Amino acid sequence: NDTDTYSGWLAIAQPNTSNAISDPAGRVWIQYTGDFTSDDPGHAVHQAVSNPEQAPITWLNALANSNFSPDSANLPLLNDALYPSSSGGLLIQADPTAGWGQNFGQTMQVADIDGDGVADLIISAPSANDGGKVVIIDGQWIQDNLTNAAGSRILNLANPSNLGPYVTVLSPFKADGTNYADDDASQAAFGWALAVDETTGTLWI
């Protein structure tokens with residue numbers, strides 16, 4: 001395989017919160033961590049492109065100095081941590097209609113689900129209405145927006161069917177093919193655990 005450049009990132013979840021009156025359903029912050037090269041990012045060695053000496057005054061400061069606002073992304077802080085960058089952070093807001101206590105982000109996983117060579121982000125909400133939810137966000141979309149000053153900063157999942165092909169929402173079904181009713185939805189806990197078979201690309205929920 002040819003060696004390509006990828007954007008590294010990490011995801012930090014807040015499954016429950018008391019400081020977000022507008023949306024207490026939970027959220028995930030995605031933080032840019034610099035670029036790396038690799039001929040197989042899922043298995044081969046990652047070689048950092050960004051100068052490691054720059055890290056303390058860029059993306060690390062966004063974590064050390066941020067108050068993790070429920071309403072905005074964490075942007076890397078530049079120039080001795082005084083000025084925010086124009087890119088480098090994303091905020092994923094849970095769908096509040098799926099329940100305030102859905103535990104959005106309780107379990108997360110990264111894997112190349114769509115086979116495009118870029119790791120996707122898998123977020124579970126096992127206590128969401130109707131037995132739980134699992135959200136898959138396209139890794140290429142994440143990478144493009146983290147490194148684009150004109151890209152998205154917030155992804156609100158309140159209307160997942162209108163978000164486009166970069167978001168997939170999975171829900172559980174009973175053996176008979178019907179949805180979980182409200183009275184037995186808590187028995188499903190869909191997304192409580194996530195595992196990926198990297199050989200076949202299979203996601204186990």
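Modeller: A residue is buried under 20% relative accessible area, exposed over 50% and partly exposed in between, with a 1.4 Å probe and protein chains only. This is a predicted model, where local features need pLDDT of at least 70, side-chain atom pairs count only at pLDDT 80 or more, and totals for chains, interfaces and linings use all residues. Residues are numbered from 1 along each chain as its sequence is written, and side-chain values use heavy atoms, leaving out hydrogens and water.

Biologist: Is Asn145 buried or exposed?

Modeller: Asn145 has a relative accessible area of 8%, so it is buried. It lies in helix α2, residues 139-146. Helices are DSSP runs of H or I, at least four residues, and strands are runs of E, at least two; both are numbered from the N terminus.

Biologist: Which residues of α2 are buried?

Modeller: They are Gly139, Trp141, Ile142, Gln143, Asn145 and Leu146. Because six of its eight residues are buried, α2 is largely enclosed by the rest of the structure.

Biologist: What does Asn145 touch, leaving out residues up to four places away in sequence?

Modeller: Contact means heavy atoms within 4.5 Å. Asn145 touches Leu90, Gly151, Ser152 and Arg153. A polar atom of its side chain lies 2.6 Å from the backbone nitrogen of Ser152.

Biologist: Which residue caps the N-terminal end of α2?

Modeller: Asp138 does, with a side-chain oxygen 3.3 Å from the backbone nitrogen of Gln140.

Biologist: Where is Gln102?

Modeller: Gln102 sits in the loop between β6 (89-93) and β7 (108-111). Its relative accessibility is 3%, so Gln102 counts as buried.

Conventions:
A polar contact is a pair of N or O atoms within 3.5 Å; within protein, one must be able to donate a hydrogen and the other to accept it, and residues adjacent in sequence count only if both atoms are side-chain atoms.
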